[in-house]
Amino acid sequence: MVSSLQRIQSYKPLFRKAFGTDEITAERVAKAIASFERTLLSGNSAFDRFQAGDAKAISASAKRGFAVFMSKGNCSQCHPAPNFTDEQFHNAGVGMNKPNPDLGRYKVTQNEADKGAFRTPTLREIALTSPYFHDGSATTLAEVVEVYDRGGTKNPHLDPKIKPLRLSNQEQKDLVEFLQTLTGEPLKVEAPALPQ
């Protein structure tokens with residue numbers, strides 16, 4: 001990828017403007033992509049309109065789901081509004097029952113307590129970002145809710161916040177309905193004209 005970008009002469013002045021020299025490296029490409037991604041903001045979701053006072057912006061089921069999210073589900077402990085992430089690392093046990101589990105944050109810190117811990121993702125736009133979890137092991141939001149309902153996958157490093165929820169089938173459906181209200185207006189991103 002880096003060698004391909006280095007051959008495109010029109011990228012060099014753009015890298016010089018952004019980084020001070022026209023050197024194109026994997027690290028600089030990653031920083032450029034990360035900077036672009038930070039410009040993509042979710043907003044004006046049905047839930048945002050509900051929070052702003054429009055009682056009809058979300059369904060009765062979604063309202064019940066929000067109540068589950070805030071209370072019995074305890075979801076807001078790791079997914080607080082407005083971004084619906086605490087930006088912290090947690091082990092929910094996902095994939096920890098595999099023969100060679102992904103050790104997540106531990107690979108960076110070498111701290112035993114970080115085994116299987118991954119950064120809490122935002123729930124904004126969550127209905128559009130399947131598959132779920134770091135390993136893609138859940139394909140629907142209902143499957144995600146089931147994982148949390150059973151208290152994740154038991155392992156020595158399971159976050160103490162992850163506990164069986166014992167939600168009814170209706171509460172699980174309502175929670176999924178709420179999560180779907182976190183999808184904002186469609187992002188308008190046009191593909192750039194590629195340099196020759």
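Leaving aside its neighbours within four places in sequence, which residues is D149 in contact with? Here, contact means heavy atoms within 4.5 Å. The answer is P164, L165, R166, L167 and Q172.

A quick word on the model: it is predicted, so local features need pLDDT of at least 70, side-chain atom pairs count only at pLDDT 80 or more, and totals for chains, interfaces and linings use all residues. Residues are numbered from 1 along each chain as its sequence is written, and side-chain values use heavy atoms, with hydrogens and water left out.

Back to D149, which sits in helix α7 (residues 141–149); helices are DSSP runs (H or I, at least four residues), numbered from the N terminus. D149 counts as buried, at 15% relative accessibility. Buried means under 20% relative accessible area, exposed over 50%, and partly exposed in between (1.4 Å probe, protein chains only). The C-alpha atoms of D149 and L167 are 6.4 Å apart, though 18 residues separate the two along the chain.

Now for the charged pairs. Side chains of opposite charge can pair when their charged atoms come close. A salt bridge is a side-chain nitrogen of Lys or Arg within 4 Å of a carboxyl oxygen of Asp or Glu, and the whole structure has 8 of them. Here are some:

| Salt bridge | N to O distance |
|---|---|
| R16 and D22 | 3.2 Å |
| R64 and D174 | 2.8 Å |
| K72 and E171 | 3.0 Å |

D174 is buried, at 3% relative accessible area, whereas R64 is partly exposed at 41%. K72 is partly exposed too, at 39%.

Definitions and conventions:
Helix = DSSP H or I, 4+ residues; strand = E, 2+ residues; numbered from the N terminus.
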